[in-house]
Amino acid sequence: MESVQSLQRGLAVIRAFDAEHPRMTLAEVARQTGLTRATARRFLHTLVTLGYTATDGREFWLCPRVLELGYAYLSASSLPEIATPHLKSLTDKARESSSVSVLDGLDIVYVARVPTRRIMTVAISVGTRFPAYVTSMGRVLLAGLPDADRESLFEQMSFDRLTPHTVTSVGALRREVDLVRDQGWALVDQELEIGLRSMAAPVRDPRGQTIAAANISMSATQGSAEEARETLLPLLLDTAAQIERDLRVTGV
């Protein structure tokens with residue numbers, strides 16, 4: 001169990017670095033991860049030795065070699081490669097950004113993205129994570145889980161009111177996810193960030209299991225949610241179907 005815990009802590013140190021914390025002191029890393037200073041120091045210096053972090057003696061930061069960890073997933077999965085051309089087509093038709101993500105614990109992780117103009121204050125790229133409960137793709141992915149697995153995740157969730165529109169209880173989220181499961185798509189309107197609206201649809205494997213979600217995001221100031229549903233949802237559903245078709249052809 002000690003080796004498993006060590007791996008968990010080492011990954012926690014890597015994940016502590018993000019857009020808001022690109023460089024941190026030892027004390028800051030310890031605070032971000034909940035580790036003692038001695039433990040954080042040991043992991044940081046191990047990561048420096050391995051080439052995943054660097055230091056000037058005071059601050060630490062990630063090195064490009066960290067990208068190898070994410071690339072291992074991308075190179076082992078054909079999903080991003082298959083999805084990207086279809087996302088490009090969707091973005092060209094809709095003139096809105098489109099993405100594909102997968103579920104990782106309580107978060108979604110972007111594995112493919114074709115952006116247009118920037119809507120959010122936070123830049124989104126492959127590898128970006130958001131809480132599943134507050135995103136359209138997250139709700140699609142939650143809706144695709146077996147009941148027991150979904151309820152287990154619900155029990156682990158904590159809810160932050162990111163905007164006045166954010167769902168902040170398990171009961172409310174359960175109702176939203178049930179609706180998504182019944183209608184086959186999700187629309188989230190300004191829950192993650194004011195001004196951002198998104199729709200998502202499931203991407204299923206040949207057995208009918210949801211393995212990813214595709215979405216399209218837009219400014220909430222450009223028309224109503226109903227107008228977005230009427231004009232963009234058919235394009236999104238068609239894109240998800242095309243990705244599924246190509247996944248079947250390639251045997252994924």
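This report walks through the domains, sheets and salt bridges of the structure above.

The model is predicted, so local features need pLDDT of at least 70 and side-chain atom pairs count only at pLDDT 80 or more, while totals for chains, interfaces and linings use all residues. Residues are numbered from 1 along each chain as its sequence is written, and side-chain values use heavy atoms, leaving out hydrogens and water.

**Domains and sheets**

Let's start with the overall layout. The protein chain splits into domain 1 (5–65) and domain 2 (77–250), with bounds that come from an automatic or database domain assignment. Their centres, taken over C-alpha atoms, are 31 Å apart.

Helices (H or I, at least four residues) and strands (E, at least two) are DSSP runs, numbered from the N terminus; two strands pair if DSSP finds at least two bridges between them. An open sheet of six strands has the order β6-β5-β4-β9-β8-β7, with antiparallel pairing. β6 (129–131) and β7 (186–189) are at its edges with a single partner strand each, so one side of each has no neighbour in the sheet. Within this sheet, β8 (residues 196–204) and β9 (residues 210–219) run antiparallel and are joined by nine bridges. Helix α9 (residues 225–250) packs on this sheet and touches β4 (97–104), β7, β8 and β9, making about 30° with the direction of β8. Here contact means heavy atoms within 4.5 Å; axes are lines fitted to C-alpha atoms, for helices over the stretch in contact, and angles run from 0 to 180 degrees between N-to-C directions.

Another open sheet has three strands in the order β1-β3-β2, again paired antiparallel. Three bridges join β2 to β3 (residues 59–62), and Thr-53 has Leu-62 in β3 as its bridge partner. Helix α2 (residues 26–33) lies across β1 and β3 at about 95° to β1, whereas helix α3 (residues 37–50) lies across β2 and β3 at about 105° to β2.

**Salt bridges**

Counting a side-chain nitrogen of Lys or Arg within 4 Å of a carboxyl oxygen of Asp or Glu, there are 15 salt bridges. Here are some of them:

| Pair | Closest N and O atoms |
|---|---|
| Glu-151 and Arg-174 | 2.8 Å |
| Asp-205 and Arg-207 | 3.1 Å |
| Asp-246 and Arg-245 | 3.1 Å |

Glu-151 is in helix α7 (residues 147–156) and Arg-174 in helix α8 (residues 170–183), 23 residues apart. Asp-205 is buried at 10% relative accessible area, whereas Arg-207 is exposed at 66% (buried is under 20%, exposed over 50%, partly exposed in between; 1.4 Å probe, protein chains only). Finally, Arg-23, Asp-56, Arg-58 and Glu-59 form a network of salt bridges.
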